[in-house]
Amino acid sequence: MTHHEGAAHVKELVEDQRTAMLTTVHRESGALTSRPMTLQEVDDDGTFWFLAQRDSAAASEIEADPQVNVAFAKEGAWVSVAGRASVRHDPEKARELWNEFAKTWFQKEPEDPEVAVIRVDGESAQYWDSPGKAATVVEMVKARLTGDRPDAGESHTVEL
């Protein structure tokens, strides 16, 4: 699989998902900390966009250590993206990402200095893509009857 094909497949697996788990490094303890975030957009090159409060734990932890992980899960597909994040006040990008949910959540306008744009530049992604529930059940029954391992789909790591 080429770089472009891998990045395109990762985008295809996550672009319809709204919720991701963003994992950062806690600035004091060094422990990994995950929280749900609303994915606003994913670009073809593996860049993921989020909005956050400027004074949030996610924003301050990214500023202290930009190494992050973004994880997605839906029935039949799981994606884990390792990358580097940045936080910035970018009214133009915030306005581009803005929607009714953001307006309700923030109770501010996208130009407000308390609205931060989080950009995650994916460096690599691992994904697991199963053929779907029915096909997986068939594979499990087949494996039970034959003693062979079931074909649960494919797992690949791609560079973004």
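1. Contact here means heavy atoms within 4.5 Å. With neighbours up to four places off in sequence set aside, F50 is in contact with A20, M37, T38, L39, Q40, V70, A116, V117, I118 and V120.

2. A word on the basis: this is a predicted model, where local features need pLDDT of at least 70, side-chain atom pairs count only at pLDDT 80 or more, and totals for chains, interfaces and linings use all residues. Numbering runs from 1 along each chain as its sequence is written, and side-chain values use heavy atoms, with hydrogens and water left out.

3. Now to Q40, which sits in the loop between strand 2 (32–38) and strand 3 (41–42); strands are DSSP runs of E, at least two residues, numbered from the N terminus. Q40 counts as buried because its relative accessibility is 15%, the cut-off being under 20% relative accessible area (1.4 Å probe, protein chains only).

4. Beyond four places in sequence, Q40 touches R18, W49, F50, L51, L97 and N99. T19 is 21 residues from Q40 in sequence, yet their C-alpha atoms are 9.2 Å apart.

5. Back to F50: along with F48, I118 and V120, F50 is among the residues with the most contacts inside the largest nonpolar core, which has 30 residues. Such a core is a set of buried Ala, Val, Leu, Ile, Met, Phe, Trp, Tyr and Cys residues joined through side-chain atoms within 4.5 Å. A second, separate core has nine residues, including L51, L97, F106 and V117.

Terms used. Helix = DSSP H or I, 4+ residues; strand = E, 2+ residues; numbered from the N terminus. Buried < 20%, exposed > 50% of the residue type's maximum accessible area, 1.4 Å probe, protein only.
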